[in-house]
Structure formats: structure tokens, C-alpha cells
Amino acid sequence: MPISQKISKRILKELFIMIDDFLSHPMRANFLLASLVTMLGGTLFFTNLDFITLHKIFFLCFLPMLAYSGFLLTALPDWTNYKGALKSHNILLLALFLLAFLGIFISLKITMIFVSLFWLYLLCFSAYLLVLARNNDNFSILFVLFSFFALSLLYALTSNENYLNLQIHINIIAVLVVSFRIGIVLGREALRQDGDEDSLFMAN
């Protein structure tokens, strides 16, 4: 076999390993895409499109989809001691995101249908992990995910922008819930590392 072919095969093999590893860690791929969505969404004001509605779609739908799924697919398995593979779940979610993104070139209704399907799958998978681990501490996260799903579906069915605007409040709630849960986890971990197994950390 020529040296060039050997080098090409090795490069392709390394590239496949890198992509496989990238998709196996949801926070890497999803947060990178979230950054790209943020930059792309910021350029909408320089187009002759309906930039106000599209700006809302990008920052109230696409950005939270990627950011929260990347975080939850990383944090929930750790909180629930889930040892299963995450790649297939992440690929499915990214496929739904891609379909939602492509939908903006056809119809916002199609986009929002795929957005709602994205939230529904993330909700079901998160609920499965929590129920499997009998974890009752994080059901507030399920409420947030259900709210995203319900509002996205209602906007898809009615085109009433009030349902889209309400997601501003859900995002605020989501940030507060996630910050609280992270604070609890870090506080408990600090107590554990200090050897104090009897104390209970209470967030302010």
C-alpha cells in the first residue's frame, strides 16, 4: 500500500475517533454549536429578514436547546449514577435541532414542531434517569423542560408570539434552578471532601 494511502487512512481513523469522542461528550458539541448560534443570531439585524422574530427564535429556542441539553446530558448522568452511553441520545437531539434550524427556511411552524419534539425527548430522557435512580431532588428540572415543551408546542399550533415571549421567564427560572442545583452539589461535595458526612449543606 502506498505511503500516501496509509497516511490518509490514519488521518480518517483519527478523525473518526475525534468525532466519536466529541459526540460522546454532549457539553463539547452542544456548547460549541450554542456559540455559533449566538454569533449567527447576532447577524440577523443586518439582513432584510423578519429579524425580530428570528432573533427570538435563535435566542429563546435554539440557544437554550443546545445549552440546557449539553448541561443536562452531562450533569444528570453524574447526579443519577447513569453509566449508559450518551452518544445516541445526543445525536438524536442534535438531529432534531438541525431539522428545527433548517425549518426556518420553510416555515416557523415546522421549526417550532421540531423544537417541541426536542424538548419532549430531553424531558422524557431526563425523567427516565431521575426515576431510574429514584432521585427526587431534581424534579424542578422536569418542570422547566415541560414548560419549554408546552410553550414551544403552543406557539407552533397557534403562532401566538405571547407563548414565545413567555420563554424569557422560563429561561430565567431555568438559570435559577440550575444554579441552585449546582450550588447544592458543590456544597455537598465540599463537605464530603472535608470528611464531614453528618452535616447538611443548605443553599442560601
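In the largest nonpolar core, which holds 49 residues, the members that touch the most others are Phe 62, Val 115, Phe 118, Trp 119 and Leu 122; such a core is a set of buried Ala, Val, Leu, Ile, Met, Phe, Trp, Tyr and Cys residues joined through side-chain atoms within 4.5 Å, where buried means under 20% relative accessible area (1.4 Å probe, protein chains only). The model is predicted, so that local features need pLDDT of at least 70 and side-chain atom pairs count only at pLDDT 80 or more, while totals for chains, interfaces and linings use all residues. Residues are numbered from 1 along each chain as its sequence is written, and side-chain values use heavy atoms, with hydrogens and water left out.

- At least two core residues come from each of helix 2 (26–42), helix 3 (51–80), helix 4 (87–103), helix 5 (108–132), helix 6 (139–158) and helix 8 (167–193), the helices being DSSP runs of H or I with at least four residues, numbered from the N terminus.
- Helix 3 gives the most to this core, namely 15 residues.
- Leaving aside residues up to four places away in sequence, Leu 122 touches Ser 69, Leu 72, Leu 73, Leu 93 and Leu 145, contact meaning heavy atoms within 4.5 Å.

**Helix 5 and helix 6**

- These two helices pack at an angle of about 160°, with their axes 8 Å apart; axes are lines fitted to C-alpha atoms over the stretch in contact, and angles run from 0 to 180 degrees between N-to-C directions.
- Helix 5 and helix 6 are therefore roughly antiparallel, a term for angles over 145 degrees.

**Whole chain**

- The protein chain has 8 helices and 0 strands, and buried residues make up 36% of its 204 residues.

Note on methods: Buried < 20%, exposed > 50% of the residue type's maximum accessible area, 1.4 Å probe, protein only. Parallel < 35°, antiparallel > 145°, perpendicular 65-115°, else oblique.
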